[in-house]
Amino acid sequence: MAHDPRDLDDAFLAFWRERHIATLTTARPDGSPHVVPVGVTYQPETGTARVITSRTSRKARNVAAAGPQGLRVAVCQVDRARWSTLEGVAVVRDEPEQVSDAERRYTERYREPRANPDRVVIEIAVDRVLGRP
């Protein structure tokens, strides 16, 4: 079921604030899907989803390899019959203020992340929303 990313109801937004592990799907260099569990935060005001990770992770390398135009990705979370997928174009951000903001958001939804001097943010400009929250 598709939703307007600019007009999500309270139940949908609440689902993205609850503590759920999600999956992030990126494309490997050979085009095959790379799917990994992640913590993800969603900022509906800007339509931005964020995943913190190490710059050497396969997911970060997949996104970075696409260059400045970014890579189309999907993050999905499931809780029994409730589910939601956010799709959009992702880029890797390494600016300290962007990393700090993403860590703060992650802490609010999950817990304080462990220290990681190689941390980057996979930032997704969400343009398609699916689900049944």
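R80 sits in the loop between β6 (71–79) and β7 (82–93). Helices and strands here are DSSP runs, helices being H or I with at least four residues and strands E with at least two, numbered from the N terminus. This is a predicted model, in which local features need pLDDT of at least 70, side-chain atom pairs count only at pLDDT 80 or more, and totals for chains, interfaces and linings use all residues. Residues are numbered from 1 along each chain as its sequence is written, and side-chain values use heavy atoms, with hydrogens and water left out.

Back to R80. Its phi is near 55 degrees, a positive value in a residue other than glycine. Most residues other than glycine have a negative phi. R80 counts as exposed because its relative accessibility is 81%. The cut-offs, with a 1.4 Å probe and protein chains only, are under 20% relative accessible area for buried, over 50% for exposed, and partly exposed in between.

Next, the helix α3 (96–109). How far apart are the end C-alpha atoms of α3? They are 20 Å apart, which agrees with the 20 Å that its 14 residues should span at 1.5 Å a residue. That expected span is 1.5 Å times one less than the number of residues.

The buried residues in α3 are V99, D101, A102, R105, Y106 and R109. Seen down the helix axis, they fall within an arc of 165 degrees, so they line one face of α3. The arc is taken from the directions from the helix axis to the C-beta atoms. An α-helix has 3.6 residues a turn, so residues three or four places apart point the same way. On the other side of α3, P96, E97 and E108 are exposed. The buried residues of α3 pack against several elements, including α1 (10–15), β5 and β8 (119–132), where contact means heavy atoms within 4.5 Å.
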